[in-house]
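Reader: I would like to learn how to read a few features from a model of this kind. Could we take them one at a time, with the general idea before the case?

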Amino acid sequence: MIEIENLQKSFGSLQVLKNISFSVSKNEVVAVIGPSGSGKSTMLRSLIYLEQVDGGTIKIDGDYLVKEGTYSNNQTIKRVTSKMGMVFQHFNLFPHLTVKQNLELAPRVTKKIPKDEISKHTERLLEKVGLLDKMDVYPGNLSGGQKQRVAIARALMLQPDILLFDEPTSALDPELTGEVLKVIQELAEESMTMIVVTHEMEFAKRVADRIIFMDEGKIVETGDPISVLENPQKERTKRFLSGIEK
Amino acid sequence: MSFDYILTVLKPMLEGAQITILLFLLVIVTSIPLGFLVTLLVRSRLKIISYLAQTYIYLMRGTPLLLQLLFFVFGLPLIPFVGEYLILDRFVAAALAFILNYAAYFAEIFRGGLISIDKGQYEAAQVLGLNKFQTTVRVILPQMIRTVLPPVANESITLVKDTALLYAVAVPELLHFAQTAVNRDFTIMPFFFAAIIYLLMTLVLTLLFKYLEKKFSYE
Ligand SMILES: Nc1ncnc2c1ncn2[C@@H]1O[C@H](COP(=O)(O)OP(=O)(O)OP(=O)(O)O)[C@@H](O)[C@H]1O
Ligand SMILES: [Mg+2]
């Protein structure tokens, strides 16, 4: 479903992605872990064209976003990126719109869903994230956990095949992370294909099919959660994990 | 002081106030969109366009409005060769100066409003498939309007009072008629009337912007 080869990306003289290659199959949940500055966000953002890579290939569901450093035409880029949804660390809800309007803005203006079905989708998704009663509330009046659940519902409105999460719980108070992780876990159980950048090791172990450990722009180790998290092979992984558990 | 006297003084002043209000409305409805256009030019990716727009703002904000007024009303016709084609109606020339001056101030206000919008808003709009135009109209502008309303209100109230500069280029407006009456009748009352009329105008504006701020608030 996602095939990535030799991704390279620099910010000025700083090489942030150094030949990243991996693939994700349909219905797979991949958790990306690694120290701060290792390039996790940059990698994720490159997939959905929020960053442009300098080299490498990104192929989503048979379509190239970029092939050996050359980007496809705008139409293809639009088609490829529309297969994905993204959830940000800081939610990025639209503060001037109510919860319902936040969900419905994109389907209305992009006309991806028939008009008369939009509010049905809204209700179904808000119910799914447990916020049906917050429909007409502005984001400013929601807790962090509620905001992130709205953001997930908003990303689901366009019925993406793949969801990308960049540290969805890092901006939340510890007692609010559970409600968000629960929603992501439910999506995993419904076989949504997901890449989740996270610092929540327990969650990664429970929900991910595979772990990717990144450091300094490279994938250091990858494998199923038990082997990577409980029995890491590489020194760097061990050091990172022992640091986190303290 | 008789009621009749008040009426005879007020009548020309109210006619002058019409010029004041006409200028105000003309400047507001043209300089706000023009200012927004200048903001977009400043943000243009073409360096030369951005520099030109910035120079324009610098000139307009860096010199006195009074000087600009005098330039447009009395200076333009003196330019060699083309001057004779630039003899405009004094009110029109003055309005032009006001519009260009206020557009520069509004452009700076709007630029500040745009800067204050989080980068994440653009990113969220992009990953949701909105194009540039949809993002601007549906996501950015509504948020920008809210942040710029207070400074725009401020500028508008300043404009009401700046209209009195028409006095300097001999376009008869509210203050002109007040001054005439003061000189003629040797009483200070017309100045008080003028003050009250200005205060009424700014009161209307204050209330209008209060209403708009409420309308554009969220939470
Ligand atoms: N727009 C940018 N301009 C310049 N440098 C950047 C930019 N974005 C990221 N970087 C740098 O690239 C490196 C990788 O950043 P990235 O955000 O991908 O790391 P990360 O693994 O997501 O870290 P964290 O866990 O802190 O979120 C960092 O050194 C960062 O400072
Ligand atoms: Mg990051």
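Author: Helices are DSSP runs of H or I with at least four residues, and they are numbered from the N terminus. Please keep in mind throughout that this is a predicted model.

Reader: Which helix of chain B supplies the largest share of the nonpolar patch?

Author: The largest share, 3 residues, comes from helix 2 of chain B, although helix 1 (3-42) and helix 2 (47-62) of that chain each supply at least two residues. The patch covers about 550 Å² and is made by B:Leu37, B:Leu41, B:Leu46, B:Ile48, B:Ile49 and B:Leu52.

Reader: Is B:Ile48 buried or exposed?

Author: A residue is called exposed over 50% relative accessible area and buried under 20%. B:Ile48, which has its place in helix 2 of chain B, is exposed because its relative accessible area is 57%. By contrast, B:Ser156 in helix 6 (residues 132-162) of chain B counts as buried, at 1% relative accessibility. Leaving aside residues up to four places away in sequence, B:Ser156 touches B:Phe24, B:Ile28, B:Leu205 and B:Phe209.

Reader: Which residues come nearest to ligand 1?

Author: Of the 13 residues around ligand 1, those that come nearest are A:Ser36, A:Gly37, A:Lys40, A:Ser41 and A:Thr42, and the largest share of the shell, 3 residues, comes from helix 1 of chain A. For polar contacts one looks for pairs of N or O atoms within 3.5 Å. Polar side-chain atoms lie 2.7 Å from a ligand 1 oxygen in the case of A:Ser41 and 2.5 Å from a ligand 1 oxygen in the case of A:Thr42. Taken alone, ligand 1 exposes 630 Å², of which the protein buries 60%.

Conventions. Residues numbered from 1 in each chain as written. Chains lettered and ligands numbered in written order. Predicted model: local features only at pLDDT ≥ 70, side-chain atom pairs only at ≥ 80, totals over all residues. Heavy atoms only, no water. Patch = residues over 30% accessible without salt bridge, like charges linked within 9 Å, V, L, I, M, F, W, Y side chains within 5 Å. Areas by Shrake-Rupley, 256 points an atom, 1.4 Å probe, with all protein chains shown as cover. Salt bridge = Lys/Arg side-chain N within 4 Å of Asp/Glu carboxyl O. Buried < 20%, exposed > 50% of the residue type's maximum accessible area, 1.4 Å probe, protein only. Contact = heavy atoms within 4.5 Å. Near = heavy atom within 4 Å. Polar contact = N/O pair within 3.5 Å; in protein donor to acceptor, adjacent residues only side chain to side chain.
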